[in-house]
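Good morning, and thank you for joining. I shall take a few minutes to walk through some side-chain arrangements in the model now on display.

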Amino acid sequence: MKDIQSQIDHRRIDIKKVGVKTITYPITVLDKSQKRQKTIATVNMYVNLPHHFKGTHMSRFIEILNRFHGQIDLKGFRLILEEMKEKLDAEAAHIEIAFPFFLHGSGKTDDFQVKKYDCAMHCLLEEEEDLRLEIAVPVAHPFNDAQDGHTLSVGLWGNVLIRVRFRKFMWLEDLIGVVEKTIGRESPEGTDSNAAERPMESLLENLANRFAQLTELKWYSITVENISQGYSLFATLSSADCP
């Protein structure tokens, strides 16, 4: 039987992306305290298709993924992408992995003991590798208790979405910690009247100031979102916007 997918295509039309998506797959990510954490990811894999090929066998994506079963972590991305480029004869390979990351709470009896953070890795390999990490950090709704003046957190105020490219390695936990410590300083007891009147912009500015000090990052983007009933408000900036 002829391999139609690999035959020469004389129409000279490049297809930018061809692949498989929404694969549910077990992966391993690095965990600062436990060394490794097993979780379940949604995986998209695709390549560009040069004009001289009619197509590619979609089963090859799954074959490559299965070959790295149990070895899919941040360090393994490049190996997967290199094999995608080689086996599929592509100029560029892409992989997107979205997964929940779990951290244990502070241990206080009134706290939920395990916190979940939605993360995603986007990696492109062409001539060079481009790796981008995304983390969504929930922001609780703070208010002052009228009886004793304590600051409490009830419900979800919104979230902070950070996107980063690394200059050198940084733990997921440390990135999350930077965001959560900055959020903690934005509680009503720790802000002035101007910040209290514009909490979204104030939080974004403080996060940008803190991220600008992180030498591990070569690029970052921060979005602060306030979730309301039926709509959301947001403010965003990236390191390219900062002086």
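Let me begin with a polar contact: the side chain of K116 meets the side chain of D118 at 2.8 Å. Please keep in mind throughout that this is a predicted model.

Where does K116 sit? The residue belongs to strand β4, which covers residues 114–125.

I turn next to the surroundings of K116. Leaving aside residues up to four places away in sequence, K116 touches P100, F101, F102 and P138.

How many aromatic pairs are counted here? The count is 2. One of them joins F169 and W171: the ring centres are 5.0 Å apart and the planes stand at 80°, so this pair is edge-to-face, the limit for that class being over 60 degrees. F169 is partly exposed, with a relative accessible area of 47%, and W171 is also partly exposed, at 26%.

Finally, I come to arginines over rings. R67 lies over the face of F68, 5.2 Å from the ring centre. R165 is placed over the face of W219, at 4.7 Å from the ring centre.

Notes
Residues numbered from 1 in each chain as written. Predicted model: local features only at pLDDT ≥ 70, side-chain atom pairs only at ≥ 80, totals over all residues. Heavy atoms only, no water. Helix = DSSP H or I, 4+ residues; strand = E, 2+ residues; numbered from the N terminus. Contact = heavy atoms within 4.5 Å. Polar contact = N/O pair within 3.5 Å; in protein donor to acceptor, adjacent residues only side chain to side chain. Phe/Tyr/Trp six-rings, centres within 6.5 Å; stacked < 30°, edge-to-face > 60°. Buried < 20%, exposed > 50% of the residue type's maximum accessible area, 1.4 Å probe, protein only. Lys NZ or Arg CZ within 6 Å of the ring centre and 35° of its normal.
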